[in-house]
Every structure is written in C-alpha cells, then in structure tokens.
Amino acid sequence: MSSSTTPIISDFDLFVFDFDGVLTNNKVYVNQDGKESVECSRSDGLAFDVLRKLNKSSYIISTEKNPVVEVRAKKLKVDLLQGIDNKLEALKEVTEKHQSELSRVLYVGNDLNDYYAMKSSGFSVCPFDSHITIQNLSDVVLNTSGGNGVVRELLEGVFELNFIEILYN
C-alpha cells in the first residue's frame, strides 16, 4: 500500500465507492440469455457493517445501471446511485444532502470515469489494478485488486480498525 498521508477515520463523513472494478473484479459474465453477473468479495460485507457501526454514511455511485448493482447494494445495505454519467455532480448532491463538504469525502474508484470525483474528494483510494492515471491521482493505492476485499483492506489496513472490537464487543 502506498500512501502520501495517513488518514484518520473521523476525518470523513462519507465513504463513496465505485462498483465495477472496486467492489467487483471488473469483469462481467454474460450467459446465453443475456443475463449478467459479476464477482464480488464477501469480505467487504463486514467492512460495510463496520462503517454502519461507526455511523459513517456510505454510497455506491455507478455509471452502470444494472440489477446486479442494485442487488449487491441492497445486500450490503449501502445507498446506491446508478446510471450516473457525471459522478462529481452526483457526489456534490450527496455531500449537500448530508450537509457535508467534499473535503470530508473518502472516494474509492478505479477508472477514468472516477477521476473528477476522486480529484475533488478529501481523500482518494484505488485498488491495485486501477488505471495508471487513477493510481497517480490516489492518496492510497491498495495492495488489493478490485473485487477482492478493497473495502476490507481500506478499513483494516489503512485505518487499522479492529473489526472484532468494533462489531463483537
């Protein structure tokens, strides 16, 4: 994990995640009937439980509009904005809704459509296999690739949170 500065979780009101390439491995599987599926890591589920326990709002903002995104967001109990062409404008609306500032947003993205939202956020993070432009922009490049527990590494590795202490004590 590379980092220019070590963040403190209390510095952030909102945690925003891209879907494809962050919560998935950036691949789509299509069957003969045209049904799509994606691969996600179950380990991110506990990470979202930790964010809720810490009263941190989290969102998925996705360019894609697909039932699979909605199903996963619902399972994770995370607010979802999908079919978003301009992620920065959506991010501004979310911060306004929460009476927060962009400087208090931690944004996790992986590709060029996340660029302006990440650049405008207070802190940006990306998976190991992100586009090189996004890696160069990010405050932290994780050791984890997309779909393999990005949120888990963010909370346990970057913020050094103890899930057992937070969730089970």
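**Exercise 1. How many aromatic pairs does the count come to?**

Solution. The model is predicted, so local features need pLDDT of at least 70 and side-chain atom pairs count only at pLDDT 80 or more, while totals for chains, interfaces and linings use all residues. Residues are numbered from 1 along each chain as its sequence is written, and side-chain values use heavy atoms, with hydrogens and water left out.

Step 1. Rings of Phe, Tyr and Trp (its six-membered ring) pair if their centres lie within 6.5 Å; planes under 30 degrees apart count as stacked, over 60 as edge-to-face and the rest as tilted.

Step 2. By this rule there are six aromatic pairs. One of them joins F12 and F123, with 5.8 Å from centre to centre and 55° between the planes, and is tilted. This pair connects distant parts of the chain, 111 residues apart: F12 lies in the loop between β1 (2-3) and β2 (14-17), and F123 in strand β8 (residues 123-126). Strands are DSSP runs of E with at least two residues, and helices are runs of H or I with at least four, numbered from the N terminus.

**Exercise 2. Classify F12, F123, Y115 and Y116 by accessibility, and describe the pair of Y115 and Y116.**

Solution. Step 1. Buried means under 20% relative accessible area, exposed over 50%, and partly exposed in between (1.4 Å probe, protein chains only).

Step 2. F12 is buried because its relative accessible area is 3%; F123, at 4%, is likewise buried.

Step 3. The ring centres of Y115 and Y116 are 5.0 Å apart and their planes stand at 90°, so this pair is edge-to-face. Y115 is partly exposed at 22%, whereas Y116 is exposed at 58%.

Step 4. F12 and F123 also belong to one aromatic cluster with F15 and F159.

**Exercise 3. Determine where L155 lies and which residues it touches.**

Solution. Step 1. L155 is placed in helix α6 (residues 150-158).

Step 2. L155 has 0% relative accessibility and therefore counts as buried.

Step 3. Leaving aside residues up to four places away in sequence, L155 is in contact (heavy atoms within 4.5 Å) with I9, A47, V50, L51, E160, L161 and F163.

**Exercise 4. How many disulfides does the structure hold?**

Solution. Step 1. A disulfide is a pair of cysteine sulfur atoms within 2.5 Å.

Step 2. The structure holds zero disulfides. For C40, the nearest cysteine sulfur is that of C126, 18 Å away; this distance is too far for a bond.

Step 3. C40 is partly exposed, at 26% relative accessible area, whereas C126 is buried, at 0%.
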